[in-house]
Amino acid sequence: MASKLKQLQSTACQVQKLVAKHGTGYYKQLLEQNKQYIQEPPTVEKCNLLSKQLFYTRLASIPGRYESFWKELDHVKHLLKNRNELKVEDLGIASLFGLECFAWFCAGEIVGRGFTITGYYP
């Protein structure tokens, strides 16, 4: 345990030196490249205003999303009613999509378990 702690301290020290050496330059470069997105003056009040604008903009988009959801659901119902007209290509795409969803689920489970495949830590 002590060796792991020593290794972690040495890695943290190396990262700290790297950030101290290159961090400010990267920070300035990032701000310069994205200056069109920065609101002036950068104050707490401006941040609060922007967060409220984002919240209410997202809230206003709910009816459109709701309509889109029902249109998509109607399309899926139509496909299921007329499943004899489906092509093998469409079925292959749907099965690959399902497989991808399952893979992301499994990856999330592994990450949630602390990167162990067999189970949770005690």
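**Before selecting anything**

The model is predicted, so local features are described at pLDDT of at least 70 and side-chain atom pairs at pLDDT 80 or more, while totals for chains, interfaces and linings use all residues. Residues are numbered from 1 along each chain as its sequence is written, and side-chain values use heavy atoms, with hydrogens and water left out.

**The whole chain**

Display the protein chain as a cartoon. It contains four helices and zero strands, in the order α-α-α-α from the N terminus. Here helices (H or I, at least four residues) and strands (E, at least two) are DSSP runs, numbered from the N terminus.

Next, show the surface. The accessible surface comes to about 11,700 Å², with 65% belonging to carbon and sulfur atoms; the areas come from the Shrake-Rupley method with a 1.4 Å probe, and for residues only the protein chains shown count as cover. Of the 122 residues, 2% are buried. Buried means under 20% relative accessible area, exposed over 50%, and partly exposed in between (1.4 Å probe, protein chains only).

Select Leu30, which lies in helix H1 (residues 2-33). Leu30 counts as partly exposed because its relative accessibility is 38%. From Leu30, draw a C-alpha to C-alpha distance to Glu40: the two are 17 Å apart in space and 10 residues apart in sequence.

The peptide bond joining Glu40 and Pro41 is cis, with omega of about -10°. Pro41 is placed in the loop between H1 and helix H2 (44-60).

**Helix H4**

Move on to H4, which has 25 residues. From its first C-alpha to its last, H4 reaches 36 Å, close to the 36 Å expected at 1.5 Å a residue; the expected span is 1.5 Å times one less than the number of residues.

**The segment after H4**

Continue to Phe115, in the segment after H4. Phi of Phe115 is also positive, near 65°, in a residue other than glycine. Phe115 counts as exposed because its relative accessibility is 65%.

The last stop is Thr116, which lies in the segment after helix H4 (88-112). Thr116 counts as buried because its relative accessibility is 14%. Show its side chain: a polar atom there lies 3.3 Å from the backbone oxygen of Arg113.

Technical notes. Polar contact = N/O pair within 3.5 Å; in protein donor to acceptor, adjacent residues only side chain to side chain.
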